[in-house]
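Dear colleague,

I am passing on the structure below for your records.

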Amino acid sequence: MRGEREFGDGLNFPSFNKSFININIKIKSRRGKIESVPKLLKEVILQALIVGNISNLYKIEYEEKIYEAVAKGKFKLENITPVVGDIVEFEITDEENRKAFITKIEKRKTYIKRPKLANITNLIFVISSIDPKPDLLMLDKQLAFAEFLNINCTIVLNKIDLDKRQEFEEIYDTYQNIGYKVIKTNAKEKQGIEELLNNLKGNINAFAGNSGVGKSTLINSIFNKEITEEGEISKRNKRGKNTTTDTKLYKIDKNTYIADTPGFSTFDISDIESKDLDKYFKEFKQYIDNCEFIGCTHIKEENCGIKKAIEEGKISKGRYERYCKIYEELKEKENRRW
Ligand SMILES: Nc1nc2c(ncn2[C@@H]2O[C@H](COP(=O)(O)OP(=O)(O)O)[C@@H](O)[C@H]2O)c(=O)[nH]1
Ligand SMILES: [Mg+2]
Ligand SMILES: [Zn+2]
């Protein structure tokens, strides 16, 4: 049995794991009889977190130390490669120069394909109230995708200082009523940063949102120093080519990380099938049973539970309109595929 530490709903962060294997060994007694006796073998398994990856080299963190590791050949046979966010078992091959082998990948809690990220337990979707104006279509795509991936998400409504008429309050209410955690921030003046930080604790977090909404400013406020610019430059390798593998985890504290993920701003949700989209609109779920037709898409059908819920003011009209748009987009992509 392996003794793992639990951190709420978050991850089992790498720890010093002892595993005890109980086996029976056969011995010859003095009288020449073969006897089976139990023997307790004690084995120490080291676990680390992958915090960086460039091509086939991994940076793994173990007890505040960073080792440079390669994956042992057998992963190729298993058709699985380690990715940033993976918790792995490893063997140290050279302590002085901090070199290691990755020998096993622990079961992933979550997995994102593009960019490849394991064990993200909190997605932070940032929109700004003004400049650029809130892109709710993007937000709803992202929220649906997070539901699809089964990852918790948090909405950050940034640049509240610019919205003199406080129109962001309506957005706040819409998403709060659905049951999402919404945090209002002014990243420049560090308003709401404390609340955001509390929300990140115990998770591996990734930020997403359109360019200019304030992601870098928010992350810098959290760390109180400039770190993400460096991360953004590293998108390009020495020859100036874009690399897609360079993702990093930045440590906030022992149990909390932020993923710096180039190319995560606008993500592709085409893995969702149009017919399943309603499941990923969280507040729709409870009304789907009221639809007359099984497989109702809630667009052209009559006697639709979703449409009724909108009339009764139980579902936001804006959310429904964006559902229709996203549905059509997915449907179109599917038609092109066949
Ligand atoms: N007024 C105001 N400006 C902000 C706020 N957050 C970020 N900015 C500014 O918005 C611009 C874009 O921010 P940045 O963090 O680079 O956005 P990113 O592209 O999402 O990383 C910068 O000029 C920031 O100084 C905020 O809360 N209020
Ligand atoms: Mg940025
Ligand atoms: Zn319906």
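**Overall make-up**

Of the 338 residues of the protein, 32% count as buried. The model is a predicted one, and its secondary structure comprises nine helices and 14 strands. Among contacts with a separation of 6 or more, 61% are between residues 24 or more positions apart.

**The nonpolar core**

The largest nonpolar core has 70 residues, of which Ile60, Phe125, Ala144, Val156 and Ala259 touch the most other members. In soluble globular proteins, nonpolar side chains tend to be buried together.

Helix α9 spans residues 317–337, 21 residues in total. From first to last C-alpha, α9 reaches 30 Å, close to the 30 Å expected at 1.5 Å a residue. Its buried residues are Arg322, Tyr323, Ile326 and Leu330. Viewed down the axis of α9, these buried residues fall within an arc of 110 degrees, so they line one face of the helix. An α-helix has 3.6 residues a turn, so residues three or four places apart point the same way. On the face of α9 turned away from the buried side are the exposed residues Lys317, Glu328, Glu332, Asn335 and Arg336.

Against what do the buried residues of α9 pack? Their partner is α2, residues 136–149. The axes of α2 and α9 come within 10 Å and cross at roughly 75 degrees. Angles of 65 to 115 degrees count as roughly perpendicular, and α2 and α9 are therefore roughly perpendicular to each other. On the α2 side the contact is made by Leu136, Leu137, Asp140, Lys141 and Ala144, and on the α9 side by Gly318, Arg319, Arg322, Lys325 and Ile326.

**Helix α5**

In helix α5 (residues 215–223), the buried residues are Lys215, Leu218, Ile219, Ser221 and Ile222. They cover an arc of only 155 degrees around the axis, which puts them on the same side of α5. Just after α5, Asn224 takes a positive phi of about 60 degrees.

With kind regards

Conventions. Residues numbered from 1 in each chain as written. Chains lettered and ligands numbered in written order. Predicted model: local features only at pLDDT ≥ 70, side-chain atom pairs only at ≥ 80, totals over all residues. Helix = DSSP H or I, 4+ residues; strand = E, 2+ residues; numbered from the N terminus. Expected span 1.5 Å × (residues − 1). Buried ≥ 20, exposed ≤ 12 C-beta atoms within 10 Å, placed from the backbone. Arc of directions from axis to C-beta. Contact = placed C-beta atoms within 7 Å. Core = buried A, V, L, I, M, F, W, Y, C linked by C-beta atoms within 7 Å. Axes fitted to C-alpha atoms, helices over the stretch in contact; angles between N-to-C directions. Parallel < 35°, antiparallel > 145°, perpendicular 65-115°, else oblique.
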